[in-house]
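Visitor: I have a structure open and would like to learn how to read it. Could you walk me through it?

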Amino acid sequence: MWVHGSSLLHLDSMLMGYRIALNPYGAYEDWPFWNPGSQGSFAEWLWQRLGRHSSLGWAAEIERQAQAAGQEAMELFFSLFDEYRTEREHTAR
């Protein structure tokens, strides 16, 4: 998938748009990028993992982390998201 400028803020917008587009059809999908304050969301997991909270959201915080580490933000996102999914699968068992 192409994301303009490899920006996580653009990815966040795309993910939110996808979720909103499901509403008129009554489609439900377990969506970790919706309701940032809810238990089990990617954002809540990220805040716990980092030991702090950011009012700017998960995308901005990961971009900051990546810049500080000299890493590509998109690579860091997918690494963290894989970790989140792995932990979530182990918790569900």
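**Reading the model, feature by feature**

Guide: Let's begin at Ser 6, which lies in the segment before α1 (8-22). Helices here are DSSP runs of H or I with at least four residues, strands are runs of E with at least two, and both are numbered from the N terminus. This is a predicted model, where local features need pLDDT of at least 70 and side-chain atom pairs count only at pLDDT 80 or more, while totals for chains, interfaces and linings use all residues. Residues are numbered from 1 along each chain as its sequence is written, and side-chain values use heavy atoms, with hydrogens and water left out.

Visitor: What is the phi of Ser 6?

Guide: First the general idea: most residues other than glycine have a negative phi. Ser 6 has a positive value, near 50 degrees, and is not a glycine. With a relative accessible area of 40%, Ser 6 is partly exposed. Buried means under 20%, exposed over 50%, and partly exposed lies in between, using a 1.4 Å probe and protein chains only. A positive phi, near 75 degrees, also turns up at Gly 51, which follows α2.

Visitor: How many helices and strands does the protein have?

Guide: Four helices and zero strands, so the order from the N terminus is α-α-α-α. The radius of gyration is 14 Å, close to the 12 Å that the globule rule gives for 93 residues, so the protein is as compact as a globular protein of that length. That radius is taken over C-alpha atoms, and the rule is 2.2 Å times the number of residues to the power 0.38. The C-alpha atoms fill a box of roughly 40 × 35 × 25 Å along the principal axes, and 32% of the 93 residues count as buried.

Visitor: Which residues of α2 are buried?

Guide: A helix has a repeat to keep in mind: with 3.6 residues a turn, residues three or four places apart point the same way. In α2, the buried residues are Phe 42, Ala 43, Trp 45, Leu 46 and Trp 47. Their cover includes α3 (58-69) and α4.

Visitor: And Ala 73, is that residue buried or exposed?

Guide: Ala 73, found in helix α4, is buried at a relative accessible area of 13%. Leaving aside residues up to four places away in sequence, Ala 73 touches Leu 8, Ile 62, Glu 63 and Ala 66, where a contact means heavy atoms within 4.5 Å.

Visitor: Which residues line the second largest pocket?

Guide: On a 1 Å grid over the protein atoms alone, a pocket is an open set of points where a 1.4 Å probe fits, with protein on both sides within 12 Å along at least five of seven lines; lining residues have an atom within 4 Å of a point. Here the lining consists of Gln 39, Gly 40, Ser 41, Glu 44, Trp 45, Gln 48, Tyr 84, Glu 87, Arg 88 and Thr 91. Two or more of the lining residues come from each of α2 (42-50) and α4 (73-92), and α4 has the largest share, four residues. The volume is about 190 Å³, meaning the space filled by probe spheres set on grid points joined across faces, edges and corners.

Visitor: How exposed is Glu 87?

Guide: Glu 87 sits in helix α4 and counts as partly exposed, at 38% relative accessibility. Glu 87 and Trp 47 are 40 residues apart in sequence and 14 Å apart in space, C-alpha to C-alpha.
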